[in-house]
Amino acid sequence: MIEHQGVVNRLSWRPSDIVPKSCDRVIQKTSFGFDVSVSEIFWTLLNGARLVIARPGGERDPIYLVDIINSQSITMIDIVPSMLQGMIGLATPEDCGSLRKILCAGEELSLTLQKRCEDVFSFAKLVNLYGPSEVTIEATYSRCDKNQNTGRVPIGRPISNTRIYILD
């Protein structure tokens with residue numbers, strides 16, 4: 001059982017560079033059965049940003065995601081790396097020009113994908129988030145470094161009021 005205090009802590013977390021602001025338009029595309037939907041919905045609304053709700057199943061369609069980002073001027077998205085890969089395969093540097101914050105979570109973000117994302121969405125800040133559902137959405141975050149050219153994308157540091165232990 002996961003306690004509510006973890007959700008409250010995650011929603012209270014306010015890193016200045018990625019917290020939704022009143023000028024942001026955040027897409028809610030995750031099924032309500034997944035923990036990330038809590039962040040998409042409540043983190044957005046608690047911080048005064050606008051929530052744009054995607055059609056059911058839209059999170060599985062990279063063409064639809066590129067279209068809704070363009071048509072609704074989405075500035076922030078929380079997305080799994082495999083879907084980001086699909087979007088990058090379709091998008092050109094002219095697409096998704098409104099996008100300013102890309103939060104990647106749910107799977108390992110490879111350095112190759114990070115570099116491709118920086119090429120296609122050069123105007124957006126890319127952040128790697130990590131955390132199993134048991135810790136209430138995400139436990140760590142790392143701003144992706146455009147100068148990193150070798151190794152793996154770090155999982156980063158713990159979010160506020162948390163501690164991490166890396167084993168093995």
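I looked up Tyr130 and recorded it as partly exposed because its relative accessibility is 43%; buried means under 20% relative accessible area, exposed over 50%, and partly exposed in between (1.4 Å probe, protein chains only). The model is predicted, so I noted that local features need pLDDT of at least 70, side-chain atom pairs count only at pLDDT 80 or more, and totals for chains, interfaces and linings use all residues. Residues are numbered from 1 along each chain as its sequence is written, and side-chain values use heavy atoms, leaving out hydrogens and water.

I located Tyr130 in strand 5 (residues 125–130); strands (E, at least two residues) and helices (H or I, at least four) are DSSP runs, numbered from the N terminus.

Next I turned to helix packing. I found helix 1 (residues 4–12) packed on helix 2 (residues 36–46) at an angle of about 55°, with the axes 9 Å apart; axes are lines fitted to C-alpha atoms, for helices over the stretch in contact, and angles run from 0 to 180 degrees between N-to-C directions. Helix 1 is therefore oblique to helix 2; angles under 35 degrees count as roughly parallel, over 145 as roughly antiparallel, 65 to 115 as roughly perpendicular and the rest as oblique.

I then checked two loop residues. Ser73, in the loop between helix 3 (62–72) and strand 3 (76–79), has a positive phi near 55°. I recorded Ser73 as partly exposed because its relative accessibility is 36%. Cys96, in the loop between helix 4 and strand 4 (101–104), also has a positive phi near 55°. Cys96 counts as buried because its relative accessibility is 0%.
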